[in-house]
Amino acid sequence: MANTTWMANHTGWSDFILMGLFRRSKHPALLCVVIFVVFLMALSGNAVLILLIHSDSHLHTPMYFFISQLSLMDMVYISVTVPKMLLDQVMGVNKISAPECGMQMFLYVTLAGSEFFLLAAMAYDRYVAICRPLRYPVLMTHRVCLFLASGCWFLGSVDGFMLTPITMTFPFCGPRDIHHFFCEVPAVLKLSCSDTSLYETLMYLCCVLMLLIPVTVISSPYLLILLTIHRMNSAEGRRKAFATCSSHLTVVVLFYGAAIYTYMLPSSYHTPEKDMMVSVFYIILTPVLNPLIYSLRNKDVMGALKKMLTVRIVL
């Protein structure tokens, strides 16, 4: 019996316990309904945005191609964690097996990494469109866009294949209570009974590269974009250029701000409560905000939406 208990504690195949959000809420049923509504809004908002981009020929441009990729990532991103969390609350179950935990971790890390690089690719697209408008059709062909998008997905999956197997092969001792609502790497590492300091240092350096390289790629073009906008003679041109760039910068600040807190700040700044609140922000709220940011402030998207609604009403 003692040997069986030891094996359960030290192998990677016994279940983890997700402590989740609802245990800390005074009104878990209400919180569950709110998260479910936000989840449906995120799915429907991003799905509509993808449908508009693919159905309206005026939106068949590199910028909207990247926005459709961002919406696709957000749809999968929120679907990796939220349905499991809501279903556990309804069923009264909070366990997750080691294979399920590893798969959830891999998908989450892959999508987060892919989105980091996609935002950098979107910044490059805006730089070429505003600072090199005459060469834009040559530099941002459909083949180039596909290459950049594929590269973003590939680099994100590399991150997932690097971090997930190493994290899940550490021995876990004692209670397997993950103080989070999904299998996030730092939360799972806290359960390990071995020395993870070297791995945490390597993971920190990896995350710094994953964040700083895209941030540098994003910052440099936008400095040039701001200079170009300042030199524009047309007030309408300045307004349109600033509107498209400000939408992208809003998404960048929201996503990267939360990621920098999670992966770059020292552990002394972290508590389970803070970590979960930040995760709620960039896993649940950001996917529902992105379609609003890119549609409400965009005349082309709103025009395509009105056209689609008009056609439906006529039919």
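Let's start with the aromatic pairs: the structure holds 7 of them. A pair here means rings of Phe, Tyr or Trp (its six-membered ring) with centres within 6.5 Å; planes under 30 degrees apart are stacked, over 60 edge-to-face, and the rest tilted. Please keep in mind that this is a predicted model, where local features need pLDDT of at least 70 and side-chain atom pairs count only at pLDDT 80 or more, while totals for chains, interfaces and linings use all residues. Residues are numbered from 1 along each chain as its sequence is written, and side-chain values use heavy atoms, with hydrogens and water left out.

Now, which pair shall we look at? Y108 and F182 sit edge-to-face, 4.8 Å centre to centre, with 65 degrees between the planes. Y108 belongs to helix α4 (residues 98–131) and F182 to the loop between β3 (177–178) and α7 (185–189), so the pair ties together parts 74 residues apart in sequence. Helices (H or I, at least four residues) and strands (E, at least two) are DSSP runs, numbered from the N terminus.

Are these two buried or exposed? Y108 counts as buried at 2% relative accessibility, and F182 counts as buried at 0%. Buried means under 20% relative accessible area, exposed over 50%, partly exposed in between (1.4 Å probe, protein chains only). Ring pairs also link Y77, Y108, F181 and F182 into a cluster.

On to helix α3. There is a kink of about 35 degrees at S79, shortly before the proline P83; the bend is the angle between axes fitted to the seven residues ending there and the seven starting there. Just after α3, G92 takes a positive phi of about 75 degrees.
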